[in-house]
Amino acid sequence: MNDIAPLIDHYLAEYARIERQLPGSDANKRARKAALKAFGEAGFPDTRQEDWKYTSLRPVEKRRFEISDEAGDVSEDALAPFLPADLDAYRIVIVDGHFSARLSMLDGLPKGVIVQSFAEYLESDAEATVQSEAIASQPGSLSDMNAAFATDGAYVHLAANAAADKPIHVITVSSGGHEERMAQVRHRYVIDASSQATVIEHYVGLGDKPYFTNIVTEAVMGQNAQLTRCRVQQESSRGYHVASFFAHQTRDSRVLNHGFDLGGRLARTDTHARLVDPNAEVHFYGVYVPTGRQHMDNHTCVDHDTEHSVSREIYKGVLADYGRGVFNGKILIRKDAQKTDSDLSCDALLLSDKAEVDAKPELEIYADDVVAAHGSTVGQLDEDAVFYLKSRGVEDDGARAILTYSFANALVQKVGLEPVERFVEAALMSKLPGGESYADLA
Amino acid sequence: MAAHQEDVETLVAEREYEAGFVTDLESDTVAPGLDEDVIRFISAKKDEPEWMLDWRLEAFRQWKQMRTPKWPHLHYKPIDYQAISYYSAPKSAKDKPKSLDEVDPKLLETYEKLGIPLREQEMLAGVEGATYPTSNSNVAVDAVFDSVSVATTFKQKLADAGVIFCSISEAIREHPELVKKYLGSVVPRGDNFFAGLNSAVFTDGSFVYIPKGVKCPMELSTYFRINAENTGQFERTLIIAEPGSHVSYLEGCTAPQRDENQLHAAVVELVAEEDAEIKYSTVQNWYPGDENGNGGIFNFVTKRGDCRGDRSKISWTQVETGSAITWKYPSCVLNGNDSVGEFYSVAVTRGMQQADTGTKMIHVGKNTKSTIIAKGISAARGEQSYRGLVKILPSANNARNFTQCDSLLIGDKCGAHTFPYVETKNSTAKLEHEATTSKIGEDQMFYCQQRGLSEEDAVNLIVNGFCKDVFKELPMEFAVEAQKLLNVTLENAVG
């Protein structure tokens with residue numbers, strides 16, 4: 001642990017180096033400094049902390065990551081494999097932590113819908129703050145790190161009663177052109193009363209050099225607003241990906257969150273929703289597929305702050321090779337949250353003896369008139385089902401891939417956006433041995 | 001339930017501890033504080049051999065390096081370990097009584113005041129009007145009064161079967177080879193903060209040895225009572241079941257009323273060799289403190305069983321209704337192939353009680369199976385957590401686990417929490433976990449009441465049904481008591 005001080009010194013120096021480039025007012029600079037101080041004091045989380053018990057950030061701590069001064073050179077062609085076929089969407093692309101106007105497609109946005117770069121928003125709006133004021137509490141030293149360093153991201157604002165006519169595809173790319181780069185990206189979705197948006201939050205890694213992305217996404221939900229967020233994580237095999245999502249939900253708002261963790265060497269996702277008014281509803285669905293030596297950690301927390309709110313949560317893990325999966329789902333039902341209706345389930349499918357899964361579905365309940373249930377299972381493919389498919393002429397690998405896919409399929413189908421569903425299907429199948437030939441079968 | 005909630009507050013406030021009384025008994029107590037001299041004093045007091053003293057001192061050295069665990073979902077003022085007296089022995093126990101007739105009458109009086117479970121046992125044993133179980137009874141009692149075991153009944157009958165059932169201090173003197181071999185082999189000295197403390201200062205406890213192929217002829221039972229003020233009680237229990245043997249052990253607790261918090265840090269170690277089976281049942285009803293959370297027992301217990309041999313089985317059953325704070329995770333390490341671990345628990349918190357309890361099932365051997373059934377009932381301002389770990393190691397092929405933890409909430413100021421850890425490193429493992437949290441259904445209440453049951457009877461009926469899966473695992477003597485205990489508890493908690 002002796003190297004902690006120089007490690008933090010490195011990031012303090014890095015902050016000093018880029019401070020002048022960071023977007024935002026002087027007030028924001030002060031907020032960034034305060035966040036930097038908090039990060040400096042806490043350092044990177046370590047495995048002695050309960051929330052990080054199963055995920056070590058040592059590989060991140062060992063390196064000295066630097067902020068990229070500008071977007072790397074990414075061609076349309078390089079991005080093409082990550083664009084779902086037939087997806088008609090607005091597109092905003094962040095490359096190495098900087099907005100790329102060249103790759104983005106933001107023409108023709110309807111009235112009341114703003115999609116712009118987060119840096120641009122910070123610069124243009126005197127009231128803008130790096131950290132959303134609606135979401136005061138963003139726990140974790142990495143959220144602080146992001147608040148200090150955040151260079152750019154996507155800013156989506158829907159005015160009251162507006163609807164985005166097309167989904168918004170937010171692509172965060174690591175170009176991988178340089179050694180040891182980090183991207184600190186902050187996305188914010190402000191969905192005002194009775195408006196509706198669908199965002200596909202896509203993470204893409206292109207190079208083969210180690211890099212670190214630290215993401216914070218904030219969703220501020222007005223009354224009766226609806227957000228569908230589909231997160232597709234396809235970082236490259238040397239990418240260390242840490243992402244936090246914070247949703248603040250007022251009356252009658254709905255958040256549908258879908259997560260697909262496919263890439264990265266290490267991916268840690270924290271998904272939080274705070275339901276502050278009655279009749280708010282949140283759905284968290286996630287699929288994680290660690291293969292090779294990938295490590296994927298999903299932490300979720302639904303905070304039922306008041307009465308009559310609803311949460312549904314299903315996570316499914318498919319673990320092959322030396323894959324390591326972690327799931328920690330927490331449902332917090334506070335004292336006043338009577339009539340809460342919550343349900344959480346997490347299932348894992350272990351395909352290899354070397355794979356490991358650690359799950360903890362937590363309930364923390366302080367109100368008595370509630371329905372709270374959780375379930376957790378770990379198992380493997382049914383050999384009878386494998387045999388059945390084999391007897392029908394499917395080879396062993398293929399049979400296993402089909403059955404595995406059917407395990408995850410229920411959650412893919414929930415996205416409700418066919419081009420994205422097909423894209424995720426194909427990406428998922430191609431990760432499974434023997435799956436390629438059945439990519440279009442499912 | 002609105003009417004209930006009001007009643008809960010008023011009635012809980014009125015509740016008084018059933019077994020709250022102090023037996024005036026002269027104690028031979030050491031001054032508060034803990035250092036190596038105190039440990040030497042305890043060791044000398046108990047005529048322990050040199051190796052035992054060294055073992056304690058090493059534990060003390062390790063303990064000094066440790067810190068109190070912060071992870072439990074419990075809130076209490078830090079404990080000043082130097083303000084506790086670490087040794088207290090009833091004076092009259094100096095000359096070890098040979099039979100119950102020689103036991104301090106005041107001690108017997110204490111038991112009589114408790115009424116249960118001895119009365120229950122008498123009843124079940126068919127002893128009418130008996131004041132104490134005689135040889136007709138089928139339960140052997142090793143009474144632990146404060147820290148020293150003062151009477152062991154049925155020694156002869158057990159000795160005939162080859163069973164050793166005595167206090168651990170006696171075992172250290174009489175059977176050093178067994179104690180040396182097994183003590184600390186399941187719960188090492190440095191296992192955790194409270195186990196470390198216990199290893200350094202444990203004063204007494206029970207020792208059970210069941211030889212190869214022997215089915216223990218009777219249920220073994222022990223009492224724990226905390227008596228002198230400001231004394232911690234540090235029990236150490238060691239049960240060894242040789243290949244093919246079988247034993248059922250009961251532990252029941254109750255304590256006099258106190259204003260100051262009393263610390264209890266026990267360690268229980270179970271060793272089951274090939275084909276052996278150990279059933280360990282606990283009913284814990286220590287003083288829970290008053291309605292404002294003053295006083296009450298702090299109960300920090302480390303219980304662990306090691307299924308060493310193939311096809312061995314360890315089963316924990318617990319009914320926890322007492323203590324201000326309960327920190328307890330009876331665990332099974334399933335080392336042997338085809339070994340089985342079970343955990344059945346009912347925990348009740350009311351008033352300001354807090355409980356963080358659960359189990360750990362560590363699957364090491366092939367085809368190992370574990371079952372966890374945990375029922376939590378939280379009333380008034382009680383806080384309850386289930387914290388469990390199911391760990392499947394790479395060697396544990398075809399391991400199987402089923403976990404169910406249900407919570408019942410009575411009143412809107414209580415809390416029920418669940419922290420189930422599942423760690424799987426083997427792809428042939430099958431694990432299931434289910435948890436639910438709910439209150440007593442209004443329709444269930446309505447149904448019972450319109451059939452003529454009083455509100456209270458209806459609650460008792462529903463709660464007993466809720467706990468049935470666990471109670472049926474208890475030996476008969478305890479099942480009756482546990483059910484009664486629960487009714488008494490709820491009688492005062494729900495109008």
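Strand 6 (residues 206-210) of chain B is largely enclosed by the rest of the structure, because five of its five residues are buried. Buried here means 20 or more other C-beta atoms within 10 Å of a residue's own, with 12 or fewer making it exposed, anything in between making it partly exposed, and C-beta atoms placed from the backbone. Keep in mind that this is a predicted model, where local features need pLDDT of at least 70, side-chain atom pairs count only at pLDDT 80 or more, and totals for chains, interfaces and linings use all residues. On labels, residues are numbered from 1 along each chain as its sequence is written, while chains are lettered from A and ligands numbered from 1 in the order in which they are written.

**Around strand 6 of chain B**

- Helices (H or I, at least four residues) and strands (E, at least two) are DSSP runs, numbered from the N terminus.
- Ser206(B), Val208(B) and Ile210(B) point one way from strand 6 of chain B, Phe207(B) and Tyr209(B) point the other way, and all are buried.
- Strand 5 (residues 164-167) of chain B pairs with strand 6 of chain B in the antiparallel sense over four bridges; two strands pair if DSSP finds at least two bridges between them.
- Within that stretch, Val208(B) in strand 6 of chain B is the bridge partner of Phe165(B).
- Strand 8 (residues 236-241) of chain B runs parallel to strand 6 of chain B, and four bridges join them.
- Ile210(B) has Ala241(B), in strand 8 of chain B, as its bridge partner.

**Where the chains meet**

- On the chain B side 32 residues are in contact with 31 residues of chain A, contact being C-beta atoms, placed from the backbone, within 7 Å.
- Strand 22 (400-410), strand 23 (415-424) and strand 24 (430-439) of chain B are the elements that give two or more residues to the side touching chain A.
- That side of chain B has 13 nonpolar, twelve polar and seven charged residues.
- For those classes, Ala, Val, Leu, Ile, Met, Phe, Trp, Tyr, Cys and Pro count as nonpolar, Asp, Glu, Lys and Arg as charged, and the others, Gly among them, as polar.
- Strand pairing crosses between the chains too: strand 20 (residues 371-379) of chain A and strand 24 of chain B run antiparallel, joined by seven bridges.
- His374(A) stands opposite Ala435(B), which is in strand 24 of chain B.

**Loop residues to look at**

- Gly351(B) is in the loop between strand 17 (340-349) and strand 18 (354-357) of chain B, and it counts as buried because 23 other C-beta atoms lie within 10 Å.
- From Gly351(B) to Pro211(B) is 140 residues in sequence and 45 Å in space, C-alpha to C-alpha.
- Asp338(B) has a positive phi of about 60° although it is not a glycine; its place is in the loop between strand 16 (331-334) and strand 17 of chain B.
- With 18 other C-beta atoms within 10 Å, Asp338(B) is partly exposed.
- Asn161(A) isn't a glycine either, yet has a positive phi of about 65°; this residue is found in the loop between strand 5 (154-158) and strand 6 (168-174) of chain A.
- Asn161(A) is partly exposed, with 14 other C-beta atoms within 10 Å.

**Chain A as a whole**

- Chain A has nine helices and 20 strands.
- Of its 442 residues, 54% count as buried.
- Along its principal axes, the C-alpha trace of chain A spans about 70 × 50 × 50 Å.

Key:
Two residues are in contact if their C-beta atoms, placed from the backbone, lie within 7 Å.
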